Amino acid sequence: IADVQDEIDHELISKAGIASKIREVAAQASEDYRGKNPLLIAVLKGAVNTIAAFSQALSIPVQLDFMSLSSYGSGTESSGTVTIRQDLSTDVRGRHILIVEDIIDSGRTLAWLVDELKRRGAASVEIFALLEKPARREVDVDVKYHGYEIPDEFVVGFGLDYDERFRNLDSIAVLKPEVYQGDNQA
Ligand code: PRP
Ligand code: MN
Ligand code: MG
């Protein structure tokens, strides 16, 4: 494959669309968190592009941290059991946390993370999700800042991968069906 676009069927959200949505949310979050020295937390790896763009669009100072999580379960039904592959380097006690996520599907990853951060003594825990697939939601997650709602199609780009590929695409796109030909899309 010569070009990252070669296996893309069509674009769902353009680079400009992503940027303008992130600017809009960042303006609101900058007001809400002014004076609170928030800690932005991204779940690796998908949220890397979103936290980079979002943090740069904020007008207030923030701190950043990262966590690598893996959720176990049989292919289609995730158990909701999450294991920490790489933990934060920040003590979250008393901190105002804003989790930045690329996409919420079942909601299981974030439901677990919100509970975990509260258990560790965070003063508040809120979520910005760039993308949400309401059709696939299995558990309730309270999202404060919404990006785009998308249909139940397999999307890649702006951090989102298919089999670890396409994360560096600068827009959100739908793959040609032959690329994932019947694989489970989790
Ligand atoms: C994807 C995505 C979210 C999570 C959403 O991450 O980036 O973190 O799945 O799914 P859920 O709402 O059903 O829990 P993935 O586990 O593929 O890891 P990645 O970010 O490294 O791609
Ligand atoms: Mn992820
Ligand atoms: Mg992934």
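Glu164 is placed in the loop between β8 and β9. In this predicted model, the phi angle of Glu164 is near 70 degrees, a positive value in a residue other than glycine. Glu164 counts as exposed, since it has 7 C-beta neighbours inside 10 Å.

Phe158 also belongs to the loop between β8 and β9. Its phi is near 50 degrees, again positive in a residue other than glycine. Phe158 is buried, with 27 other C-beta atoms within 10 Å, whereas Glu164 is exposed. Most residues other than glycine have a negative phi, and most peptide bonds are trans.

The peptide bond from Leu44 to Lys45 is cis, with omega near 0 degrees. Lys45 sits in the loop that links β2 and α2.

Helix α1 spans residues 15–32, 18 residues in total. The distance from its first C-alpha to its last is 26 Å, close to the 26 Å expected at 1.5 Å a residue. The buried residues of α1 are Ile18, Lys21, Ile22, Val25, Ala26 and Ala29. They lie on the same side of α1 because they cover an arc of only 135 degrees around the axis.

The elements covering these buried residues include β1 (8–13), α2 (48–57), β5, β6 (124–132), β7 (145–149) and β9 (172–175). On the face of α1 turned away from the buried side are the exposed residues Ala16, Ser20, Gln28 and Glu31.

## The nonpolar core

The largest nonpolar core holds 43 residues, of which Ile41, Ile97, Ile99, Val100 and Phe128 touch the most other members. Each of α1, β2, α2, β5, α3, β6, β8 (155–156) and β9 supplies at least two residues of this core.

Which residues does Ile99 touch, leaving aside those up to four places away in sequence? The contacts of Ile99 on that basis are Ile41, Leu110, Leu113, Val125 and Ile127. Among these, Ile41 is itself one of the core members that touch the most others.

Key: Residues are numbered from 1 along each chain as its sequence is written. Chains are lettered from A and ligands numbered from 1 in the order in which they are written. This is a predicted model: local features need pLDDT of at least 70, side-chain atom pairs count only at pLDDT 80 or more; totals for chains, interfaces and linings use all residues. Helices (H or I, at least four residues) and strands (E, at least two) are DSSP runs, numbered from the N terminus. The expected span of a helix is 1.5 Å times one less than its number of residues. A residue is buried if 20 or more other C-beta atoms lie within 10 Å of its own, exposed if 12 or fewer, and partly exposed in between; C-beta atoms are placed from the backbone. The arc is that of the directions from the helix axis to the C-beta atoms. Two residues are in contact if their C-beta atoms, placed from the backbone, lie within 7 Å. A nonpolar core is a set of buried Ala, Val, Leu, Ile, Met, Phe, Trp, Tyr and Cys residues joined through C-beta atoms within 7 Å.
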